[in-house]
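Here is a protein structure to read, followed by questions about the words used to describe it. Each reply sets a value beside its definition.

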Amino acid sequence: MLEDLTLKFDKALKKVTGQGRLTEQNISDTMRELRRVLLDADVNYKVAKSFIDDVKIKALGEEVLASVSPGQMITKILYDELTRLMGGTRSELTFSASGPTIILMVGLQGSGKTTFSAKLAKYLKDKNRKVLLTAADVYRPAAKDQLKTLGTQIEIPVFSIDESKDAVLISQESVKFAVANGLNTIIVDTAGRLHVDDVLMDEIKRIKAAIKPTEILFVVDSMTGQDAVNSAKAFHDAVDFDGVVLTKLDGDSRGGSALSIKAVVDVPIKFSSLGEKLDSIEIFHPDRLASRILGKGDVISLVEKAQIQYDEREAEDLEKKLLSNNFNFEDFLKQIKMIKKMGSLKSLLGMIPGLGTNLKNVDVDDKQLIKVESIIQSMTKEERGNPKILNGSRRMRIAKGSGNSIQDINRLIKQFKEMGKMMKMFKNNKNLQRAMKKGKGK
Amino acid sequence: MFKNFNLDKLKNGLSKTKKRLFDGIQEAISTKAVIDEDILDELEEILISSDIGVDTAMNVIKNTRAELYYESDRSKLNITQIIKNELESILLKDDKIASDKSSIIDKKPHVILVVGVNGAGKTTTIGKLAYNYKNAGLNVLIASADTFRAAANEQLEIWANRAGVKIIQKSTGADPSSVVFEALENAKLNNVDVVLIDTAGRLHTKSNLMKELEKIRNVITKVIPHAPNEVFLVVDGNSGQNALVQANEFSKSTKLTGLIVTKLDGTAKGGVIIQISAEQKIPIKYIGVGEGIDDLQDFDSKEFIEALFS
Ligand SMILES: Nc1nc2c(ncn2[C@@H]2O[C@H](COP(=O)(O)OP(=O)(O)OP(=O)(O)O)[C@@H](O)[C@H]2O)c(=O)[nH]1
Ligand SMILES: [Mg+2]
């Protein structure tokens with residue numbers, strides 16, 4: 001109760017002081033600070049600038065949650081955006097449907113290609129693939145020996161042609177060798193090269209043309225600075241790589257170059273490499289890197305807490321309405337939004353014991369939620385508040401406006417009525433109420 | 001000491017990189033007669049984009065702005081000059097030529113310990129250094145104290161052969177300090193002038209590996225009290241701001257005496273070394289401009305900055 005009052009007071013104060021919504025003024029200091037944080041984390045100058053501007057434009061006008069400041073709010077928004085941007089949807093490796101899967105490793109000198117090749121080989125071997133490592137670095141002294149030693153450690157064959165200096169030929173032959181020996185995955189380790197080295201960039205293009213890799217991975221040292229945009233772009237222009245590997249993340253570099261690369265080539269980051277041990281390989285976690293780049297874990301968790309509190313209060317409001325039987329479509333819409341945040345509706349309802357067969361009449365397919373949302377959005381305020389007035393012509397209008405059939409509208413209204421009945425039942429059942437209280441706030 | 005280096009190669013190596021910085025500055029300045037905020041912003045961008053760091057960039061701009069306030073000459077030439085001067089004043093001058101040939105022969109063996117994070121270019125740099133000392137007429141020995149990384153021995157051995165110098169190594173997994181001990185004893189016996197010690201790449205966050213370096217350093221001093229004469233930190237020219245932390249941490253465990261910056265034959269600017277030099281009070285000794293054995297250049301702050309702008 002007291003807490004509730006404090007929050008209300010806080011909200012009122014925010015309105016008075018102009019901190020209730022994000023404005024250019026109340027976030028400008030934080031934005032400047034965040035820009036600096038990004039630059040210190042090695043995010044490229046241009047990338048940092050456009051990223052910050054972009055987030056700002058999107059966020060202006062957003063409501064500031066109770067108990068956090070506009071600066072904290074925008075920090076969290078930027079963090080979310082950072083996570084979203086670095087998270088790819090297609091972040092898994094692609095495997096060839098027919099014929100062997102060929103993975104080509106490319107990158108600058110000393111980025112960690114050889115070690116990572118061995119790690120990836122072991123990772124895939126553990127997933128029951130039959131792996132061959134190819135030593136196609138014919139320049140660096142003892143590069144071949146390094147790969148061979150690693151191959152022995154993880155018991156994976158290494159293909160090399162000792163007398164050859166032709167990386168294209170070696171790559172090609174290794175594919176033939178794999179096919180002949182029933183190996184279905186080939187990882188080709190190549191020499192580190194500078195993106196301005198025309199001869200070597202031409203070589204990597206020729207390797208690509210000769211073996212047609214299923215997947216090309218660009219390996220980047222997480223300690224890389226501002227120039228990451230240039231090398232990534234040049235490599236991408238040359239071989240159009242499919243994924244990025246971020247290495248040496250076991251150190252304390254902030255890893256901002258990952259954002260730069262993502263921004264200039266828009267290729268998913270697929271793996272993190274975290275040490276010299278051959279099992280220190282991980283699927284890339286965008287949220288971890290986002291907090292690594294930004295720091296500010298305290299601010300982020302503070303805002304997250306406030307968000308949970310906010311959701312809890314909304315839930316409480318709804319609950320009150322449900323129980324007082326004042327539930328209308330406006331509340332329904334709110335509830336849909338909350339459910340979307342929390343996960344599947346069926347699983348939520350499933351958590352309430354004793355609902356049993358009564359649930360069967362309530363169709364709660366999650367995909368339906370989007371449809372339902374669009375229907376409710378086509379209702380007038382009056383209709384949402386008082387569903388009883390939804391006569392035939394109103395229903396027709398809503399159907400047209402939301403792009404649904406009249407049957408859809410009717411079904412929804414029927415469901416809504418079912419729900420009303422259920423709520424009445426709910427109201428009279430103390431056991432259910434208790435169960436709901438317990439489930440809340442998880 | 002390697003005065004046989006030619007400046008053109010240095011400039012060439014740097015030119016691709018520096019051209020952008022220079023062009024940017026020229027461009028920023030050319031159209032406007034009076035320095036305005038936009039120009040300074042652009043200059044700041046150019047500096048930050050070279051990994052100089054936000055602090056240093058802002059300081060350089062601040063000082064340039066202050067200087068310009070009193071200058072009537074706001075031509076692009078003059079502004080460029082002011083920035084050059086600023087950058088040069090930040091870089092630590094390495095006046096003492098402690099590593100010249102006569103001082104090496106005076107107090108030998110001259111022991112050089114080379115440290116750095118993984119893949120920075122330590123082994124390659126050792127090969128290049130060995131080659132140069134050998135060419136300067138000195139008796140060189142390489143110690144392979146990277147007993148960890150796969151094929152580190154083989155790699156270094158190839159470099160030793162290329163440079164035509166002797167190498168001491170043990171099998172993988174041996175105590176690196178024991179390799180160092182053996183190499184130094186060997187050096188004393190065989191009248192060696194310069195001992196170059198390659199170490200395994202390590203991230204400065206690994207305290208056990210940093211302890212191992214400390215131990216190596218102690219062993220060196222125990223066998224040869226005046227040594228190590230130099231402890232070089234090899235920094236990848238592509239590094240961003242983390243190189244500052246590297247320098248800090250390696251300094252703590254090995255007392256660095258100099259920096260070597262590698263891979264400056266690409267488009268990376270290596271600007272972070274300016275900060276390191278200023279903060280750690282250590283000079284930059286050499287730069288790496290390629291994978292060939294003669295791709296090591298003397299670092300000279302004046303020439304370096306000149307190469308940035310010409
Ligand atoms: N382009 C270019 N490549 C360099 C330069 N210096 C070293 N390299 C390359 O960078 C890669 C790593 O160099 P190494 O000398 O093995 O580095 P390291 O620090 O000994 O590596 P670890 O011992 O594995 O930690 C190799 O492919 C070298 O050929 C340079 O100045 N320019
Ligand atoms: Mg090495």
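This is a predicted model: local features need pLDDT of at least 70, side-chain atom pairs count only at pLDDT 80 or more; totals for chains, interfaces and linings use all residues.

Residues are numbered from 1 along each chain as its sequence is written, and chains are lettered from A and ligands numbered from 1 in the order in which they are written.

Q: Why are α9(A) and α10(A) called oblique to each other?
A: The axes of α9 (residues 228-239) and α10 (residues 257-265) of chain A cross at roughly 40 degrees and come within 9 Å. Axes are lines fitted to C-alpha atoms, for helices over the stretch in contact, and angles run from 0 to 180 degrees between N-to-C directions. Angles under 35 degrees count as roughly parallel, over 145 as roughly antiparallel, 65 to 115 as roughly perpendicular and the rest as oblique. α9(A) and α10(A) are therefore oblique.

Q: What makes up the contact of α9(A) with α10(A)?
A: Residues are in contact if their C-beta atoms, placed from the backbone, lie within 7 Å. Ala228(A), Val229(A), Ala232(A), Lys233(A) and His236(A) of α9(A) take part, with Ser257(A), Ser260(A), Ile261(A), Val264(A) and Val265(A) of α10(A). These residues divide into 6 nonpolar, 3 polar and 1 charged. Here Ala, Val, Leu, Ile, Met, Phe, Trp, Tyr, Cys and Pro count as nonpolar, Asp, Glu, Lys and Arg as charged, and the others, Gly among them, as polar.

Q: Which hand does the crossing of α10(B) and α11(B) have?
A: The crossing is right-handed, the term for a near helix turned clockwise from the far one by less than a right angle, with anticlockwise being left-handed. Helices α10 (residues 242-254) and α11 (residues 272-280) of chain B pack at about 35 degrees, with axes 9 Å apart.

Q: How many residues does each domain give to the contact of domain 1 with domain 2 of chain A?
A: The domain assignment, automatic or from a database, places domain 1 of chain A at 2-87 and domain 2 at 101-283. Their C-alpha centres lie 39 Å apart. Domain 1 gives 11 residues and domain 2 gives 15. On the domain 1 side, the residues divide into 9 nonpolar, 1 polar and 1 charged.

Q: What share of chain B counts as buried?
A: A residue is buried if 20 or more other C-beta atoms lie within 10 Å of its own, exposed if 12 or fewer, and partly exposed in between. Of the 310 residues of chain B, 52% count as buried.

Q: How many helices and strands does chain B have?
A: Helices (H or I, at least four residues) and strands (E, at least two) are DSSP runs, numbered from the N terminus. Chain B has 12 helices and 8 strands.

How values were computed
Two residues are in contact if their C-beta atoms, placed from the backbone, lie within 7 Å.
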